[in-house]
Amino acid sequence: MFDKYRDNREEQSQAAKAAVSSERKDGPASATKPAAGSARTMATIGSTITIKGDVAGDENLIIDGKVDGTVNLASHELIVGPSGKVNADLSAKSIRIDGEVKGDITGKEKVLISKTGNVRGNIVAPRVTLEDGAKFKGSIDMDPSVASAGETAPVARAFEGKTGEQARTEPDTTLNEKKA
Amino acid sequence: MTDGAPRFLSSRLLPGVFEAIGEVPRLTVLDAGSALPESVDFFSQSRCRLCFADIFEEVAGEAEEMRDEGVWLALFNRVFDYPADTRFDLCLFWDVFNYLDDIALRALATALRPFLHDKTMAHGFAVLNRRTRVPSAQYGVLARDQISVRPRPLPAVARFPRSQANLESVFPIFNARRSVLHGDGLLEVSLGVS
């Protein structure tokens, strides 16, 4: 449904890849932070950079600028920073959205839309989290069993969800993760 | 509700709705309200497709001008731009019924009908009578027996508070199965496909 944003991406993809090559060993200088505890390399598309085309890579990426096209990081982490504006389908191992995204999102492990995030598109991921204040319009395909390798996917039994009492007393691992 | 913090509403009907849906390979849910964190968290416990279509937001600012059923139908067909094989097991209408006029509600029924199967269940709010004040709120599922209620940040639109009997006459794709009257005059209704 968001194909209109992907026009001309083939001819522009090479320029896009070149623009993302500003790799940093000590993390990004922008306000966006990688997930807690990570000292890993993050490439950054800066807030003044605009890319039209396909972005692909084999490292973690922060988008603080504008991207029209597609972003595919396969087995890496993608963060769309608070100033990031993305009209693209996104695919990565884990994806955090602090900015604006119009496009479909595929997270191999998880997708998080933070309180400043604004997403219009469809999400497919084993686990999806919206923070308070996050704006989302679209559909979410979730399958928690996929996150646990080797487990057989359960048949959905809608009535097995937590009761209010359980929701108040049981620890919520998703919330704990967000605080980490 | 003076700030953005949610309050919680116990539901005696939601457990029965979930029970009626039973065991499905993948739960497919239409939430006709805002995407709230608690709803995503609740449904993430099972294999699920959760479709958010905030009808309030779609009609805000247009409700006064749009009188023609064809215009409404075009709007709802755009909102329900789902693959043709989509069939919802559960439709969460929340308070949609109370801010669409009869023409709009009939158009909503027409647009939604192709996405229902014969065991689709639904949940929403009608009112005890037309004098009942309809709060401007966002709703979500906190637990199988609890609904979260948050103040809606958008400005209010025209309200068309409707009783259960009126709802069934203008929204013929569903029949009320059970209803529970809450203290504020809201009538919680569980529905099954007609």
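Analyst: Here is a quick tour, starting with some ground rules. This is a predicted model, where local features need pLDDT of at least 70, side-chain atom pairs count only at pLDDT 80 or more, and totals for chains, interfaces and linings use all residues. Residues are numbered from 1 along each chain as its sequence is written, chains are lettered from A and ligands numbered from 1 in the order in which they are written, and side-chain values use heavy atoms, with hydrogens and water left out.

User: Okay, how many helices and strands does chain A have?

Analyst: Chain A has three helices and 14 strands. Helices (H or I, at least four residues) and strands (E, at least two) are DSSP runs, numbered from the N terminus.

User: And how much of chain A is buried?

Analyst: 45% of its 180 residues count as buried. Buried means under 20% relative accessible area, exposed over 50%, and partly exposed in between (1.4 Å probe, protein chains only).

User: Switching to chain B: which residues of α1 are buried?

Analyst: In α1 of chain B (residues 14-21), they are Leu14(B), Val17(B), Phe18(B) and Ile21(B). They sit on the same side of α1(B), because they cover an arc of only 95° around the axis. That arc is taken from the directions from the helix axis to the C-beta atoms.

User: What follows α1(B)?

Analyst: Gly22(B), which has a positive phi, near 70°.

User: And which residues are buried in α4 of chain B?

Analyst: For α4(B), residues 69-79, the buried set is Trp72(B), Leu75(B), Phe76(B) and Val79(B). Their arc is only 95° around the axis, so they lie on the same side of α4(B).

User: What covers them?

Analyst: The cover includes α3 (55-59) and α5 (102-112) of chain B.

User: What about Thr28(B), buried or exposed?

Analyst: Thr28(B) counts as buried because its relative accessibility is 8%. It lies in strand β3 of chain B, residues 27-31. Leaving aside neighbours within four places in sequence, Thr28(B) has contacts that include Arg49(B), Phe88(B) and Leu90(B). Contact means heavy atoms within 4.5 Å.

User: Last one: what sort of residues line the second largest pocket?

Analyst: The lining divides into twelve nonpolar, seven polar and 13 charged residues. Here Ala, Val, Leu, Ile, Met, Phe, Trp, Tyr, Cys and Pro count as nonpolar, Asp, Glu, Lys and Arg as charged, and the others, Gly among them, as polar.
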